[in-house]
Number of protein chains: 4
Amino acid sequence: MRIALINEVSSRDKNPLVLEALKATGNEIFNVGCTADEGALTYIQTGLMAGIALNTGAADFVVGGCGTGQGFLMSAMQYPGVFCGLIQDSLDAWLFSQINGGNCISLALNKGFGWAGDVNLKYIFEKLFLDPPGRGYPLHRAESQQASRNLLAGISRDTHRDFIDILSRVDRATLETVMNYKPFKEFIDSYGKA
Amino acid sequence: MRIALINEVSSRDKNPLVLEALKATGNEIFNVGCTADEGALTYIQTGLMAGIALNTGAADFVVGGCGTGQGFLMSAMQYPGVFCGLIQDSLDAWLFSQINGGNCISLALNKGFGWAGDVNLKYIFEKLFLDPPGRGYPLHRAESQQASRNLLAGISRDTHRDFIDILSRVDRATLETVMNYKPFKEFIDSYGKA
Amino acid sequence: MRIALINEVSSRDKNPLVLEALKATGNEIFNVGCTADEGALTYIQTGLMAGIALNTGAADFVVGGCGTGQGFLMSAMQYPGVFCGLIQDSLDAWLFSQINGGNCISLALNKGFGWAGDVNLKYIFEKLFLDPPGRGYPLHRAESQQASRNLLAGISRDTHRDFIDILSRVDRATLETVMNYKPFKEFIDSYGKA
Amino acid sequence: MRIALINEVSSRDKNPLVLEALKATGNEIFNVGCTADEGALTYIQTGLMAGIALNTGAADFVVGGCGTGQGFLMSAMQYPGVFCGLIQDSLDAWLFSQINGGNCISLALNKGFGWAGDVNLKYIFEKLFLDPPGRGYPLHRAESQQASRNLLAGISRDTHRDFIDILSRVDRATLETVMNYKPFKEFIDSYGKA
């Protein structure tokens, strides 16, 4: 699985910690947003990046976040086919994978992030990718949860414009910043399907 | 301010607790989703209800939720003009109001909901509506956060179809269930602008 | 390692969940407090049981708790040689084992205990017993943390009466209830050193 | 009410934040441990300070803490008449005041302490001192909780040596450091009863 890590500016000092924790999962990790030293991307920009990464198929899963996680979450959720949860601990992570089976998570990287925040990140990813997604919890609700996920996927297509149409309408400056951000551009060029 | 409370089925036993906590805020509360005894609405349905309530102007603010809060969050966020945060405690609530100034929150009403969960709800609403929304936190980032909120509002319009178009495309069964749900229908009839 | 599980009455319905999660650690588990169906022990009584279990050497580690965890914690900490932390998630658990290396934990079994509370318990024990206790965190403070643990052990002896003396002074009714509680009595008879 | 704030070294940078939040409660606050710039007190030392402050009557309430809160908690709980809870949010605070009615709290000042940690402290103290302590929660258990608090107070006397005896036995270096720490010494000299 290709996982894109896309940090925004206010919590970019946490990027190395998220990256290290993600690498421990054994997946292919692409660090294409802000790093500790570089990048001044806002969550508006990283949310669009999540939309592009998932809609082009460049990424199978996106990990983002911001100070509280709410900004990136709402920004990424503007795009079709993005199903993003706000994940603060390992229990959130496992439940989100089992109930919602989404393809994106948003982390709170300033609020509540103190000592051993890096350890918490390791625990989050450990449980996020532990069990096959979408098995349901509690198990007797598995079927109705599956039905809800399917309906949600359809609704996401129905309520959003086509992604090409979106790219033609979305704020120019935001799109240009995103597509000129070298690590991201190279990632999409290499793995995205036009 | 008119606040619509829209509970889904799996946590409907918590509806009276959320309702009581909301009433203590002094706002006009409309309890239009599941109640403790009635309604079998899924988060797919309550998410559409949030979209309709906000896009028709019937509600100024929507309070929803589900077992973990992630399902209603992702469902409500499918619609234009809905800016929903996942709120688990009073600090989340205050920060969301100050940084994001959204118009919708999703509550975790089964996960982590035990003794004094009702007290936690009271604390959440107390801080959610304490200070004028959107003042920024930390304060030196107020301006850039305001800019992000404005951009997000524009992007929400650009990425979604028009709301009328959405209603014509969205899953029929879901829309019919929602519009035949009496408390909700009456609320929209009374307060929604066509 | 012999672990004594000692539940009090207000959260005794959670006993089977704690027991199952503890058994998964591979240690020897002795369920000697309230069970889902039996026992009306208060945290005053279970705290004394923790003191006896650890001071007789019957248990190497005690797991207790109450509605919020604070009551059992304060009760168990009345006795010499008991070093009890309040543990609410897996990060608490790991940090407590690494920094404090205690021999007792108190769980919040009503407050915040909802959906998947059993999963949270599994995560807690998984990390509590993952690494050798007392290695220190952050690592550069390992030495000073070791010094603090040694000092604390000495202070515990200096501030408390001898355990035999304590048993002769402590509230009669509490001691009798505890020593007449069959599962506990049998446990102490089998494993405690006089 | 006289509240002693007693910070240890690893989280002393948070002292100004705790102090400010405490002052907002309207109580008399005595900042007698580490400050942001001064003091290298360990939790072993601050725990003893809590014991002295409460046993001499210099303080009615002690606020301490450490990186995770567990160290100060276990250290302060070594002394008779100290009833200390671990408090991480405003719900913990209110429940501890209502159920346990203790005279000491320990704060986690590095773990989970990030953005708006200062706001969280304000919320904690707001609820800790909101309602008269010891009213019970849930209310139908008020009487049994009152009984438990009374028993606990008696047990604390029974299990510990007399405080004068403790001072004569406790680690010399620890006691000397504490009694030579000027802000603390002045506080005890002014308000402690011999």
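Predicted model: local features only at pLDDT ≥ 70, side-chain atom pairs only at ≥ 80, totals over all residues.
**Stop 1: chain A against chain B**

Keep both chains on screen. Between them, chain A and chain B bury about 3,900 Å², with 60% of it on carbon and sulfur atoms. Now highlight Met74(A), Gln78(A) and Thr159(A), which supply 17% of the area that chain A buries against chain B, more than any other three residues.

Next, look for charged partners. The interface of chain A and chain B holds four salt bridges. One of them joins Asp92(B) to Lys111(A), with the closest N and O atoms 2.4 Å apart. There are also 15 residue pairs in polar contact between chain A and chain B.

**Stop 2: chain B against chain D**

Now hide chain A and bring up chain D. Here 16 residues of chain B are in contact with 16 residues of chain D. The area buried between chain B and chain D is about 1,400 Å², and carbon and sulfur atoms give 67% of it. Pick out Leu91(B), Trp115(B) and Tyr123(B): they supply 40% of the area that chain B buries against chain D, more than any other three residues.

Two salt bridges cross the interface of chain B and chain D. For one of them, select Glu126(B) and Lys127(D), whose side chains meet at 2.7 Å, N to O. Helix α5(B) gives the most to the side of chain B that touches chain D, with six residues. That side has ten nonpolar, two polar and four charged residues.

How are the two chains related? Chain B can be laid on chain D with an RMSD of 0.0 Å by a turn of 180° and a shift of 0.0 Å along the axis. The two copies are thus related as by a two-fold rotation axis. Since 100% of the interface residues of chain B are also interface residues in chain D, the copies meet through the same surface.

**Stop 3: a serine in chain C**

Finally, select Ser148(C), in helix α6 (residues 142-159) of chain C. Is Ser148(C) buried or exposed? At 7% relative accessibility, Ser148(C) counts as buried. Show chain D as well: leaving aside neighbours within four places in sequence, Ser148(C) is in contact with Thr42(D), Tyr43(D) and Ile44(D).

Key: Residues numbered from 1 in each chain as written. Chains lettered and ligands numbered in written order. Heavy atoms only, no water. Least-squares fit on C-alpha atoms with pLDDT ≥ 70 in both. Contact = heavy atoms within 4.5 Å. Buried area = accessible area lost by both parts, 1.4 Å probe. Helix = DSSP H or I, 4+ residues; strand = E, 2+ residues; numbered from the N terminus. Nonpolar A, V, L, I, M, F, W, Y, C, P; charged D, E, K, R; others polar. Buried < 20%, exposed > 50% of the residue type's maximum accessible area, 1.4 Å probe, protein only. Polar contact = N/O pair within 3.5 Å; in protein donor to acceptor, adjacent residues only side chain to side chain.
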